[in-house]
Amino acid sequence: MLRISLLFIVLILCQCTSDKYSAYREGETWVRIEGDLPEKEYLTGIPFGIEKFYSTRKPFLVDGHIIVSDKAMSPPLHVIDVKNRKWAYGLGVEGYGPGEISYIWTFDYSSSPGKFWAYNFDKVFSEFTLEDSTAKLAGKQVKQRNPEFIMATDITWLTDTTLMAIRVSSEEKFVEYSKEGEVLAGYGSWKGMLPGDPPSNVALGVFAMQFTSNQSKSKFGFYSMDRDHFEVLDYATKEILVVEGPFFEVPEYTVEYRSADDPYYYMNDPEAVRTYQDSFLGEDNIYMLYSGDKVSKIRSTGMVESRIVFVFDYKGNMIRQFELDTPIKYFTVDEENQILYGLSSEEDEDIVEFQF
């Protein structure tokens, strides 16, 4: 009787465990999230009361500070003191000269304490310091210049001399570069990911948004906004974890052409659901911000109001589910202190702290 009772408990706890079905794709482990989801944990936010934001994106946590880029470029970068929950100072000088930057899209960790990297659409990677609030210019810059390097659309450091990226017109999902832009290796394949096997840049448009890494540079990943699908490369094993579900959204799309040899992914289904809005790769877990709003609503309001955060382990199991009392559009996580920092999606943008 005791063994039967224990088995029953185990079955209940495993209702949302993953179903792996990866045999047909070498080097990839596919996981389907099916069954009941973890019980929601409701998190109450503490707003910082920042009043200097205009059009900001993607908070990045480094050395007790949150860095946020601002499209208004005045300043280009905001530095927020998380301990005191206040705006500290601005960084960056707008321009195209040495050490200057244009609108920053993503951030990355530096191997040097007190520093971080910022990446813009002009394909320039710029390193800034937090040790001197008067040093507004970037101390170092890496520019993508040769044809192979230009193909990379998102990059992040792997070591001090190598980078990991996703790129257009490449069969590989993850591409490793030297600092000079030489292709060193590729991992995974877009081939066979979509019916009819369209060109790789179409598959990239379907599945790959916002390339990122964890701080130790052991994991690299991207997600889809149109499907509840994300992928993480374990650099040590070169194995790719692919997670799908729990809702299995698959919107209709077409392959459009800018020219005869330049196809691209085009999704114009207003009834489609925005799935993932942002992600964070921690050392212990994967955090995914889920939207659930229809594309038509987002287009009509211009607002993305995500309140759900799914937490996965690195085997692809969903282990927790948070519901936030304040809608956010981007976020970062302090795993050690179990704090989630969100950039609110309300009209008056702010940093909001959630303890979990």
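Strand E18 (219-223) gives the most to the lining of the second largest cavity, contributing three residues. This is a predicted model, in which local features need pLDDT of at least 70 and side-chain atom pairs count only at pLDDT 80 or more, while totals for chains, interfaces and linings use all residues. Residues are numbered from 1 along each chain as its sequence is written, and side-chain values use heavy atoms, with hydrogens and water left out.

Helices (H or I, at least four residues) and strands (E, at least two) are DSSP runs numbered from the N terminus. On a 1 Å grid over the protein atoms alone, a cavity is a set of points where a 1.4 Å probe fits but cannot get out, a pocket is an open set with protein on both sides within 12 Å along at least five of seven lines, and lining residues have an atom within 4 Å of a point. A volume is the space filled by probe spheres set on the points, which are joined across faces, edges and corners.

| Space | Volume |
|---|---|
| Largest pocket | about 820 Å³ |
| Largest cavity | about 230 Å³ |
| Second largest cavity | about 40 Å³ |

Around the second largest cavity, the lining residues include Gly221, Phe222 and Tyr223, and E18, E19 and E23 each supply at least two residues. The largest cavity is lined by 20 residues, of which Lys58, Phe60, Phe107, Thr212 and Ser213 are the closest to its centre.

The largest pocket has 35 lining residues, and the closest to its centre are Leu204, Gly205, Ala208, Met209 and Tyr265. Among the elements that give two or more residues to this lining are strand E13 (152-157), H3 and helix H4 (295-301).

Helix H3 (residues 200-207) is mostly covered, since seven of its eight residues are buried, where buried means under 20% relative accessible area, exposed over 50% and partly exposed in between (1.4 Å probe, protein chains only). Val206 and Phe207 are among the buried residues of H3, and what covers the buried residues of this helix includes E18 and strand E19 (229-234).

Ser224 lies in the loop between E18 and E19 and is buried, with a relative accessible area of 0%. Leaving aside its neighbours within four places in sequence, Ser224 is in contact (heavy atoms within 4.5 Å) with Val206, Phe207, His229, Thr275 and Tyr276. A polar atom of the side chain of Ser224 also lies 3.0 Å from the backbone nitrogen of Arg227.

Methods: Polar contact = N/O pair within 3.5 Å; in protein donor to acceptor, adjacent residues only side chain to side chain.
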